[in-house]
Amino acid sequence: MVDLLSVLASGILVGTVYAYMAYGLGLIYGVLRVVNLAHGAFLTLGVYVTWWLNATFGMDPLVSILITVPLGFALGATVERTLVFRLRDSPPVTTLLLLFGVWLIVRNALYLIFGGADRSLLTSYSLESLAVGPLTLSIPRLIVSAFSLLGFVVLALMLKRTWSGLALRAVAQDREAAALSGVPVNRVWAVAFGIGSALAMSAGSLMSLFYSVTPEFGARFLLKSFCVVVLGGLTNIGGILVAGIGLGIAEDLTAFYIHTGYRDVVSFLVLTAALVMRRADSD
Amino acid sequence: MSGPAPGSALVEARGVVKRFGGLTAVHRLDLTLWEGEILGLIGPNGAGKTTLFNLLSGQFAPDSGKILLEGREIHHLPSHRICRLGLARTFQVPRPFLAMTAFESVLVGAQFGRRVPGTSASDTAERCVALTRLEPRRNAPVHSLNLAERKRLDLARALATRPRVLLVDEVAAGLNPTEVRETVGILREVHASGVGIIYVEHVMEAVMDISHRVHVLDHGATIAIGTPGEVTRDPAVIEAYLGRSAGP
């Protein structure tokens with residue numbers, strides 16, 4: 001029983017981070033109708049920038065969020081303005097391949113600069129844990145989960161309460177009607193891409209606390225992001241949170257009761273099942 | 001180009017051409033909306049009315065010709081810039097922001113439309129919700145509105161951008177006679193507040209009742225321009241349009 005509770009608790013904590021990591025992908029798809037394969041690049045850049053700041057200046061990963069958020073926004077908005085924007089009227093697969101190219105460039109640049117070795121980042125609290133009743137919860141996971149939830153609240157308030165949020169929602173719901181109501185759609189696209197990338201990079205900062213830093217980081221978590229976003233309903237902020245937590249729990253249950261090696265199989269299975277069910281829905 | 005003077009043209013289309021592949025949807029069209037005017041735009045299906053609206057509002061670029069708003073060329077501008085210069089439109093089939101409340105979708109137009117110093121977006125939105133009689137549904141989710149309400153909401157969203165010119169596309173279609181009268185009443189109020197209107201409509205009663213002049217299109221070209229009385233007597237119009245749809 002205690003085992004099960006521990007597994008569930010740990011799954012929930014990881015799941016909130018999954019949701020935070022994935023949300024940018026859903027936001028960009030919702031507003032631009034573009035599948036951002038460069039999401040993997042921004043996740044990886046996030047962990048590398050955080051690791052590098054820690055290794056060079058001893059900066060705490062949580063503090064480095066103050067850098068990865070604006071940096072991610074600037075990089076994302078630039079990618080949209082300089083690259084994605086040019087392919088506005090091309091078929092979706094063109095943009096998909098373009099952004100895949102961006103990811104490959106980033107990944108290989110990281111191999112070139114830092115090599116392929118796994119690195120990890122250790123802080124004073126990395127191995128700490130907290131006893132809650134019979135459960136033992138990892139401190140980094142608690143912190144990261146709390147930051148993710150906070151990020152979700154900020155994002156939800158931004159979408160609901162600010163003019164930028166209103167513009168993002170209008171463009172996501174009907175681009176043409178938004179433009180005809182005076183919404184500067186071009187700028188909204190750049191902002192959406194910027195926010196989505198800022199979320200991905202800062203997710204990298206958070207995740208550097210308990211995942212190893214390698215140029216392949218993005219590959220693994222891009223797939224999980226897809227899984228969460230497809231399961232949660234692309235642009236549905238609440239749905240994505242629930243889907244992230246669901247995936248976190250499913251993975252931890254599998255790792256604990258079946259085998260750790262099967263952990264990453266879960267997201268493949270869930271993604272496949274979700275796509276098959278969606279297909280059945282639309283038939 | 002000089003600025004607008006009283007009685008000057010609000011909207012001018014000069015020699016506008018739009019082709020889709022081999023089909024010429026609008027052919028060397030000249031059209032003028034004068035200050036203070038309601039211009040009816042009629043013609044059989046496929047005459048090019050909606051295409052013309054798409055050209056005026058910047059959704060399509062013309063293949064040749066010019067479009068001017070208060071003397072300023074707008075045919076090369078994106079839709080949101082044209083909206084901010086003071087031209088708004090409604091849709092034949094309303095295109096509401098389905099996941100918003102009625103008030104929020106009006107707020108989109110109020111915040112991002114034409115800037116008028118000294119007015120706040122929420123005041124403007126409130127005023128447009130009231131004008132279109134949507135107060136009871138103010139906080140209702142848009143997807144729960146019926147067709148008549150969605151049409152009024154579309155009108156409210158367009159009005160919230162504080163247009164100088166409003167393009168109205170078949171706002172009476174699909175409504176019952178009471179709703180048509182109510183809608184025509186709203187358009188009169190809009191006109192009285194100083195907005196020029198181009199009104200595309202198949203419901204003849206509504207468009208003939210409210211228009212100062214009527215511009216008749218067929219196959220993308222002008223076949224008649226005149227007062228409602230004049231165009232309904234015009235043989236070319238009767239031939240192209242009214243003759244086919246008028247009852248016994």
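Reader: What makes the sheet of six strands in chain B an open one, and in which order do its strands stand?

Author: In this predicted model, the six strands stand in the order E6-E7-E8-E3-E9-E10 (chain B), and their pairing is mixed. Strand E6 (87–89) and strand E10 (221–226) of chain B are at the edges. Each of these two has a single partner strand, so one side of each is left without a neighbour in the sheet. From one strand to the next, the twist averages 20 degrees.

Reader: How do you know that E3(B) and strand E8 of chain B pair, and in which sense do they run?

Author: Two strands count as a pair if there are at least two bridges between them. E3(B) and strand E8 (residues 196–200) of chain B have four bridges, so they count as paired. The sense is parallel.

Reader: How many bridges join E3(B) to strand E9 of chain B?

Author: Four bridges join E3(B) to strand E9 (residues 213–218) of chain B, and the two run parallel. With at least two bridges needed, these strands therefore pair as well. Gly40(B) has Val214(B) opposite it in E9(B), and Ile42(B) has Val216(B) as its bridge partner there.

Reader: Why is strand E3 of chain B called mostly covered?

Author: A residue is buried when its relative accessible area is under 20%. In strand E3 (residues 38–42) of chain B, five of the five residues are buried. Ile38(B), Gly40(B) and Ile42(B) point one way, while Leu39(B) and Leu41(B) point the other way. Residues pointing either way from E3(B) are buried.

Reader: Which strands of the six-stranded sheet does H1(B) lie across?

Author: H1(B) lies across E3, E6, strand E7 (165–169), E8 and E9 of chain B. The helix runs at about 150 degrees to E7(B). Helix H1 (residues 49–56) of chain B also lies across E1, E2 and E4 of chain B, where the angle to E2(B) is about 65 degrees.

Reader: What makes E2(B) and E5(B) edge strands?

Author: They belong to an open sheet of four strands, in the order E2-E1-E4-E5 (chain B), with antiparallel pairing. Strand E2 (23–34) and strand E5 (72–73) of chain B each pair on one side only.

Reader: How many bridges join E1(B) and E4(B), and how many join E4(B) and E5(B)?

Author: Strand E1 (residues 9–20) and strand E4 (residues 64–69) of chain B pair over five bridges, in the antiparallel sense. E4(B) and E5(B) pair over two bridges, also antiparallel. The cut-off is at least two bridges, so two are enough. E4(B) and E5(B) form a hairpin with two residues between them, and Glu70(B) in the turn has a positive phi of about 50 degrees.

Reader: How do you know that the buried residues of H4(B) line one face of the helix?

Author: The buried residues of helix H4 (residues 121–131) of chain B are Ala121(B), Thr124(B), Ala125(B), Cys128(B) and Val129(B). Seen down the axis of H4(B), they fall within an arc of 135 degrees, so they line one face. On the other side of the helix, Asp123(B) and Arg127(B) are exposed. The buried residues of H4(B) pack against helix H6 (163–173) of chain A, and against helix H3 (102–112) and helix H5 (147–160) of chain B. Just after H4(B), Arg133(B) has a positive phi of about 60 degrees.

Reader: What area is buried between chain A and chain B?

Author: The area is about 1,900 Å², and carbon and sulfur atoms give 62% of that. Trp163(A), Leu180(A) and Ser181(A) supply 35% of the area that chain A buries against chain B, more than any other three residues. In terms of contacts, 19 residues of chain A meet 23 residues of chain B.

Methods. Residues numbered from 1 in each chain as written. Chains lettered and ligands numbered in written order. Predicted model: local features only at pLDDT ≥ 70, side-chain atom pairs only at ≥ 80, totals over all residues. Heavy atoms only, no water. Buried < 20%, exposed > 50% of the residue type's maximum accessible area, 1.4 Å probe, protein only. Arc of directions from axis to C-beta. Contact = heavy atoms within 4.5 Å. Axes fitted to C-alpha atoms, helices over the stretch in contact; angles between N-to-C directions. Buried area = accessible area lost by both parts, 1.4 Å probe.
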